[in-house]
Amino acid sequence: QVQLVESGGGLVQAGGSLRLSCAASGRTFSSYAMAWFRQAPGKEREFVAAITWSGARAYYADSVKGRFTMSRDNAKNTAWLQMNSLKPEDTANYYCAAAEVVWKSGTYYHTAGEYEYWGQGTQVTVSS
C-alpha cells in the first residue's frame, strides 16, 4: 500500500495562488493514478483533479478548469496541485488520493469511492 501526506495549505486572499504537495511512501508511486478532492464544511467530498500514473494526462472538474494544474514527478514520489486565481468558494480541506490502476485512454476516476488510499488533508482558506 501507499501512504500519502499533503502539505501546502494555508490562508490566501482571493485572486492569490497556492501549491499543494502530496508526498507518497510505500509501494512504487508510479503504480498509482493520483487525484485531489476537496471537502467544505457541510458538503460532500468533491473531485478536483486527477492524473494518470505517468503524468501524461490530467483531468479537472469544471469549477477549477483553467485555474488549477495537477502534476507529478514519479522520481520524487510527489504530486502537486497548483492553484491560481483562487476564489472564496475554493475554501475547503483538500485531500490527496491514490488508486492502483491504469486508465484506458480518456477515462479516469472522479468519485471518492474509486480511490483506495487517502491523505489526512490540508486546509485551504480563501478570503474575499
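**Notes on the loops, links and core**

I started with Asn77, which counts as partly exposed at 32% relative accessibility. For the cut-offs, I took buried as under 20% relative accessible area, exposed as over 50% and partly exposed as in between, with a 1.4 Å probe and protein chains only. Asn77 sits in the loop between strand 7 and strand 8. Strands here are DSSP runs of E, at least two residues long, numbered from the N terminus.

Before going on, I noted that this is a predicted model, where local features need pLDDT of at least 70 and side-chain atom pairs count only at pLDDT 80 or more, while totals for chains, interfaces and linings use all residues. Residues are numbered from 1 along each chain as its sequence is written, and side-chain values use heavy atoms, with hydrogens and water left out.

**Backbone check**

I looked up phi for Asn77 and got a positive value near 55°, in a residue other than glycine. Ser85 also turned up, with a positive phi of about 50° although it is not a glycine. I flagged these because most residues other than glycine have a negative phi. Ser85 lies in the loop between strand 8 and strand 9, and it counts as partly exposed at 41% relative accessibility.

**The sheet**

I found strand 7 joined to strand 8 (residues 78-83) by 6 bridges, the two running antiparallel. Two strands pair if DSSP finds at least two bridges between them. Within this pairing, Thr69 stands opposite Gln82 in strand 8.

Which order do the strands take in the open sheet? I read it as 1-3-8-7, 4 strands with antiparallel pairing. Strand 1 (2-7) and strand 7 (68-73) are the edges, each pairing on one side only. The twist averages 15° from one strand to the next; the angles are taken between N-to-C directions of axes fitted to C-alpha atoms and run from 0 to 180 degrees.

**The disulfide**

I then checked the cysteines. The count comes to 1 disulfide, with the rule being a pair of cysteine sulfur atoms within 2.5 Å. It joins Cys22 to Cys96, S to S 2.0 Å. Cys22 is in strand 3 (residues 18-26) and Cys96 in strand 9 (residues 92-99), so the bond ties together parts that are 74 residues apart in sequence. The link is left-handed, with -75° about the S-S bond. Are the two cysteines buried or exposed? Cys22 and Cys96 are both buried.

**Salt bridges**

I listed 4 salt bridges in the structure. The test is a side-chain nitrogen of Lys or Arg within 4 Å of a carboxyl oxygen of Asp or Glu.

Arg67 comes from the loop between strand 6 and strand 7, so here the parts tied together are 23 residues apart in sequence. Salt bridges that share partners join Arg38, Glu46, Arg67 and Asp90 into one network.

Arg67 is buried, with a relative accessible area of 11%. Beyond its neighbours within four places in sequence, Arg67 is in contact (heavy atoms within 4.5 Å) with Gln82, Met83, Asn84, Ser85, Leu86, Lys87 and Asp90.

Another bridge on my list is Lys65 with Asp62, the closest N and O atoms being 3.2 Å apart. Asp62 is exposed, at 67% relative accessible area.

**The core**

Last, I looked up the largest nonpolar core, which has 41 residues. Such a core is a set of buried Ala, Val, Leu, Ile, Met, Phe, Trp, Tyr and Cys residues joined through side-chain atoms within 4.5 Å. Which members touch the most others? I noted Met34, Trp36, Met70, Leu81, Met83 and Tyr94. Strand 9 gives the most to this core, with 6 residues.
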